[in-house]
Amino acid sequence: MSAFRALCQLTSVSSRAVARPALRSALLRLSVQVAPRAALSATRAFSVTSAHFSEGSSDVLFSQKLAEELKYEKEGAVAETEPEFLKTFKEQGLWTVQDVEGNDEVTLARKFGNESIRVMFSIADIQNVEEPEYEQEDAEAEESDAVQSYPIRVSFSVTKNNAKGSINVDTMCQEGAFIVDNISFYPDAQLGTELTAEADWKRRGLYIGPQFDTLDVSVQEEFEKFLQERGINENLATFIPEYSEYKEQKEYIRWLDNVKNFVDA
């Protein structure tokens with residue numbers, strides 16, 4: 001089955017990704033409580049003797065909630081060692097993973113003959129997943145849990161050493177497939193691949209090409225083969241959501257730890 005099939009709707013979401021916003025919302029909903037007189041006295045005594053003279057009255061409770069969430073996430077987190085799916089992906093030797101700690105964007109790169117291929121996606125798409133309707137049937141819920149899928153926007157760029165320009169492809173990755181949105185061609189390869197505000201501004205006024213599904217069917221089929229031959233296939237479409245979830249978990253734990261350390265300082 002082709003990896004580039006049309007989907008009527010993108011409704012399946014990861015149960016784990018859905019649970020995460022609820023946890024974060026609970027963390028942020030810290031109600032202001034009026035402490036008993038004895039507790040207020042203890043707080044005043046503590047503030048006099050503590051070295052943290054700028055400490056607010058809510059800092060201790062906030063730090064406790066952060067610690068609870070951090071403990072919860074670490075208990076369910078993957079081990080410090082590299083997960084098996086990532087080891088297998090790297091052992092295939094097709095793609096190199098360019099992942100900077102603290103950034104929400106990930107880049108995969110490879111060489112194919114005289115071509116340089118780059119794949120870009122962001123874990124922000126996981127954070128923006130909407131929660132499903134609670135009124136759905138049990139069967140539908142079980143099916144959703146089994147799919148464990150959610151849409152992630154993925155962009156590809158292809159450049160050649162012996163030719164000017166670049167082909168850029170915007171897609172949506174879900175359920176082990178890439179749904180192509182459009183194919184753009186930029187006469188200037190640097191303009192097509194540079195990730196700067198200036199380059200993005202210049203690209204906005206350019207013709208980005210037709211919608212993929214408006215192309216002749218034979219053109220669509222040949223382009224699918226073009227991408228498949230370059231390793232843009234079902235295996236990659238399965239890896240990207242899995243890696244996104246893995247990275248998002250690491251970044252969230254890192255964020256919790258950084259915020260807690262700052263509050264405690």
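1. Which strands does helix α10 lie across? The model is predicted, and in it helix α10, residues 234-264, lies across β1, β2, β3, β4, β5 and β6. The helix runs at about 145 degrees to β2. For orientation, β2 covers residues 105-112, β3 covers 115-122 and β4 covers 152-160.

2. The strands under discussion belong to an open sheet of 6 strands, in the order β1-β2-β3-β4-β5-β6, with antiparallel pairing. At the edges are β1 (96-99) and β6 (177-186), each of which pairs on one side only. On average, neighbouring strands of this sheet are turned by 20 degrees against each other, direction ignored. As background, strands of a sheet pair through backbone hydrogen bonds, and the pairing is either parallel or antiparallel.

3. The pair β5 and β6 can be followed residue by residue. Strand β5 spans residues 163-174 and is joined to β6 by 9 bridges, the two running antiparallel. Within this pair, Val 169 stands opposite Ile 183 in β6, and Gln 174 has Ala 177 of β6 as its bridge partner. The two strands form a hairpin with 2 residues between them.

4. Is β6 largely enclosed or largely open, given how many of its residues are buried? Of the 10 residues of β6, 8 are buried, so this strand is largely enclosed by the rest of the structure.

5. Helix α9 is made of 13 residues, 217-229. From its first C-alpha to its last it reaches 19 Å, close to the 18 Å expected at 1.5 Å a residue. After α9 comes Gly 231, with a positive phi near 85 degrees.

6. Which residues of α9 are buried? They are Gln 220, Phe 223, Glu 224 and Leu 227. These residues are on the same side of α9 because they cover an arc of only 105 degrees around the axis. The buried residues of α9 pack against β5 and β6. The face turned away from the buried side carries Lys 225 and Glu 229, which are exposed.

Conventions: Residues are numbered from 1 along each chain as its sequence is written. This is a predicted model: local features need pLDDT of at least 70, side-chain atom pairs count only at pLDDT 80 or more; totals for chains, interfaces and linings use all residues. Side-chain values use heavy atoms; hydrogens and water are left out. Two strands pair if DSSP finds at least two bridges between them. Helices (H or I, at least four residues) and strands (E, at least two) are DSSP runs, numbered from the N terminus. Axes are lines fitted to C-alpha atoms, for helices over the stretch in contact, and angles run from 0 to 180 degrees between N-to-C directions. Contact means heavy atoms within 4.5 Å. Buried means under 20% relative accessible area, exposed over 50%, partly exposed in between (1.4 Å probe, protein chains only). The expected span of a helix is 1.5 Å times one less than its number of residues. The arc is that of the directions from the helix axis to the C-beta atoms.
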